[in-house]
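Colleague: I would like to take a close look at a single part of this model, and I would be glad of one connected account.

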Amino acid sequence: MTVAGRLREMGLELPPPFSAGNYVSAVTAGDLVFVSGSGPQLPDGGFVTGKVGADVDVDQAEEAARLCALASLTALQGEIGDLDRVGPIVKLLGFVNSAPGFNQQPAVIDGASKLLISLFGDRGRHARSAVGMAELPFNIAVEVEMVVQVA
Amino acid sequence: MTVAGRLREMGLELPPPFSAGNYVSAVTAGDLVFVSGSGPQLPDGGFVTGKVGADVDVDQAEEAARLCALASLTALQGEIGDLDRVGPIVKLLGFVNSAPGFNQQPAVIDGASKLLISLFGDRGRHARSAVGMAELPFNIAVEVEMVVQVA
Amino acid sequence: MTVAGRLREMGLELPPPFSAGNYVSAVTAGDLVFVSGSGPQLPDGGFVTGKVGADVDVDQAEEAARLCALASLTALQGEIGDLDRVGPIVKLLGFVNSAPGFNQQPAVIDGASKLLISLFGDRGRHARSAVGMAELPFNIAVEVEMVVQVA
């Protein structure tokens with residue numbers, strides 16, 4: 001099944017492209033695509049905002065990370081045209097807007113990781129870091145950036 | 001026009017090389033150059049320091065990000081010799097030393113991004129993340145790291 | 001001398017593999033290996049935890065960074081089989097769980113950098129950023145991620 005088919009089957013839609021400044025959504029270098037940091041875009045055009053561990057709980061933050069992964073796929077598709085060209089998702093860096101004392105960043109970023117594995121299977125298995133930020137742009141709860149190899 | 005010529009035209013100078021520890025300014029792997037994190041070096045040898053949103057305002061921080069980009073170009077030039085060999089600036093990661101509640105990291109890091117686009121044109125258009133840090137080395141206001149493709 | 005021999009000579013052992021979620025320890029793309037974020041694993045299976053500059057002093061944090069580098073080598077060895085295949089350690093990103101006002105992140109991450117240079121010689125000289133985090137997973141004191149070129 002194609003990635004587009006799997007997305008439909010899961011009832012998921014990619015959000016529209018979004019940029020917060022003077023940069024592009026993704027750049028290709030050889031067979032690697034470096035994808036810009038993506039936030040948790042909601043269907044209404046807003047974002048999931050707030051500090052995880054205070055305003056946003058772990059389950060909500062995991063869902064926000066999943067939304068970040070979908071927004072990353074929008075950026076990736078804009079660059080490579082066809083998500084079926086995705087080889088391994090090489091590396092993911094997950095930034096969690098963390099309330100003081102919140103230390104479950106891996107559980108949050110699993111929301112992005114699980115979605116990628118569901119969509120891409122073994123090609124979705126990636127290296128990863130998950131870290132706790134003092135602040136994020138527009139107070140978004142989570143931000144995710146990726147490096148992807150394409151065939 | 002060469003990049004050196006464009007820098008002169010804009011009245012800009014690259015700062016001297018700087019290192020804060022046991023690492024090198026840049027490493028080449030194939031046609032990618034990974035540039036170390038660079039801070040906002042001032043002509044007098046000091047750095048722009050302080051929390052953005054408290055000690056440093058957005059305009060000052062945007063100028064600091066521009067200084068980080070210039071310091072990154074010093075590192076890059078030291079590695080590749082000639083800045084006219086720069087292919088796409090592939091990826092930039094911008095760290096903003098953020099006061100509580102400061103969420104305009106993209107506006108700050110635009111200071112680096114705009115300079116790169118001014119100097120390199122379309123080759124300067126990069127993927128990017130901009131995030132808010134609890135602390136940075138020596139309390140610098142901004143730090144920028146880059147991945148660059150060279151011809 | 002092999003890297004394994006040098007580790008023995010230094011009285012060091014690599015810790016067992018560890019993962020905190022739905023990701024893999026390292027992914028190879030061409031001749032680059034992207035290694036997941038690694039924490040300061042202790043021989044007893046625990047981790048060095050706490051805020052650097054408050055609960056953990058600079059010397060303890062430098063030792064923690066060294067433990068992170070050893071854990072990164074476990075991940076790398078799992079991916080490439082033989083650490084003697086390591087070409088340049090290309091890039092290291094060091095995350096320091098920082099108490100308010102702590103700004104010696106480079107001295108902390110030097111613990112990882114010096115170990116890599118001791119083990120790999122010139123091939124261990126890498127580009128680097130060292131930054132101060134609000135929080136880290138499980139409250140670990142330091143986390144390190146790496147990009148490595150292999151022969």
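Which residue in strand 5 of chain A is the bridge partner of A:Leu92? Please set that pair in its surroundings as well.

Modeller: Bearing in mind that this is a predicted model, the bridge partner of A:Leu92 in strand 5 of chain A is A:Met146. The two strands concerned are strand 3, residues 86-97, and strand 5, residues 142-150, of chain A, which pair in the antiparallel sense over 8 bridges. Helix 2 of chain A, residues 58-80, packs on the sheet and touches strand 1, strand 2 (32-38), strand 3 and strand 5, its direction making about 40° with that of strand 5 of chain A. Helix 3 of chain A, residues 105-120, lies across strand 3, strand 4 and strand 5, and runs at about 160° to strand 3 of chain A.

As for the sheet as a whole, its 5 strands in chain A are arranged in the order 1-2-5-3-4, forming an open sheet with mixed pairing. Strand 1 (26-29) and strand 4 (127-133) of chain A each have a single partner strand and stand at the edges, so one side of each is left without a neighbour in the sheet. From one strand to the next, the twist averages 15°.

Turning to the neighbouring copy, chain C is superposed on chain A by a rotation of 120° with 0.0 Å of shift along its axis, at an RMSD of 0.0 Å, which is the relation of a three-fold axis. Of the residues of chain C, C:Ala134 comes closest to that rotation axis, with its C-alpha at 2.8 Å. Only 8% of the interface residues of chain C are also interface residues in chain A, so the copies meet through different surfaces.

Terms used: Residues are numbered from 1 along each chain as its sequence is written. Chains are lettered from A and ligands numbered from 1 in the order in which they are written. This is a predicted model: local features need pLDDT of at least 70, side-chain atom pairs count only at pLDDT 80 or more; totals for chains, interfaces and linings use all residues. Copies are superposed by least squares on the C-alpha atoms of residues with pLDDT of at least 70 in both. Two residues are in contact if their C-beta atoms, placed from the backbone, lie within 7 Å. Two strands pair if DSSP finds at least two bridges between them. Helices (H or I, at least four residues) and strands (E, at least two) are DSSP runs, numbered from the N terminus. Axes are lines fitted to C-alpha atoms, for helices over the stretch in contact, and angles run from 0 to 180 degrees between N-to-C directions.
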